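Student: I have a chain to look at and some questions about how its parts are arranged. Can we go through them one at a time?

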Amino acid sequence: MPEKPTQVPGEYLELLRKNGGRVTPIVSALLQRLHKSKRVYTPEQIKDELDTTLHCDIGFPTIYRAIDRLLRCRLLYRMHRGDGQTMFFLCCHPEDEHHHHFICTVCKRVFEIEMCMAHQYESHVAKYLGATITRHIIQLEGMCKDCLSDNVPKRRKQ
Ligand SMILES: [Zn+2]
Ligand SMILES: [Zn+2]
Ligand SMILES: [Zn+2]
């Protein structure tokens with residue numbers, strides 16, 4: 001039995017509706033899945049998870065449409081990787097103004113970083129260039145505390 005959509009936190013659904021996004025069973029299942037695991041996923045992994053949850057074989061165009069919808073609402077973020085592979089994760093504080101994320105490259109968990117110390121840097125660069133800076137992207141990666149002590153719960157499925 002697919003899990004009930006009511007398990008998706010209300011704030012996500014509210015944000016989706018505010019942005020004119022329909023909450024389809026796939027979008028709802030995707031939100032549930034990512035909210036529960038708090039990890040980065042490749043589109044292939046997302047498809048596997050949703051196929052299992054919804055007991056069907058979802059096509060990639062449908063998967064990408066669901067991903068796009070959540071990206072546009074800024075519920076989902078893209079992980080910037082050097083190898084060209086794209087991964088996605090759910091932001092747990094979608095309503096928060098400005099913050100960053102730390103991704104553990106071992107367990108793939110995502111941690112919300114509420115602080116940003118780049119604004120001072122921004123104003124230095126702006127002054128140096130005589131330009132204005134309108135945004136910055138910071139992605140922090142490394143090994144989380146649990147992985148460092150090697151007692152992190154292993155991923156259910158690779
Ligand atoms: Zn976030
Ligand atoms: Zn970790
Ligand atoms: Zn920042």
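Student: How far apart do the C-alpha centres of domain 1 and domain 2 lie?
Tutor: This is a predicted model, in which local features need pLDDT of at least 70, side-chain atom pairs count only at pLDDT 80 or more, and totals for chains, interfaces and linings use all residues. Residues are numbered from 1 along each chain as its sequence is written, and chains are lettered from A and ligands numbered from 1 in the order in which they are written. The domain assignment, with bounds from an automatic or database source, gives domain 1 (1-93) and domain 2 (96-152). Their C-alpha centres lie apart by 22 Å.

Student: How many residues does the contact take from domain 1 and from domain 2?
Tutor: Two residues are in contact if their C-beta atoms, placed from the backbone, lie within 7 Å. By that rule, domain 1 and domain 2 contribute to the contact as follows: nine residues from domain 1 and nine residues from domain 2.

Student: Which residues is L76 in contact with, leaving aside its neighbours within four places in sequence?
Tutor: L76 is among the residues with the most contacts inside the largest nonpolar core. With those neighbours left out, its contacts are I67, L70, L71, F88 and L90.

Student: How are α3 and α4 oriented to each other?
Tutor: Axes are lines fitted to C-alpha atoms, for helices over the stretch in contact, and angles run from 0 to 180 degrees between N-to-C directions. The axes of α3 (residues 43-54) and α4 (residues 60-72) come within 10 Å and cross at roughly 105°. Angles of 65 to 115 degrees count as roughly perpendicular, so α3 and α4 are roughly perpendicular.

Student: Which residues in α4 do P43, I46 and K47 meet?
Tutor: P43, I46 and K47 belong to α3. In α4 they meet F60, I63, Y64 and I67.

Terms used
Helix = DSSP H or I, 4+ residues; strand = E, 2+ residues; numbered from the N terminus. Parallel < 35°, antiparallel > 145°, perpendicular 65-115°, else oblique. Core = buried A, V, L, I, M, F, W, Y, C linked by C-beta atoms within 7 Å. Buried ≥ 20, exposed ≤ 12 C-beta atoms within 10 Å, placed from the backbone.
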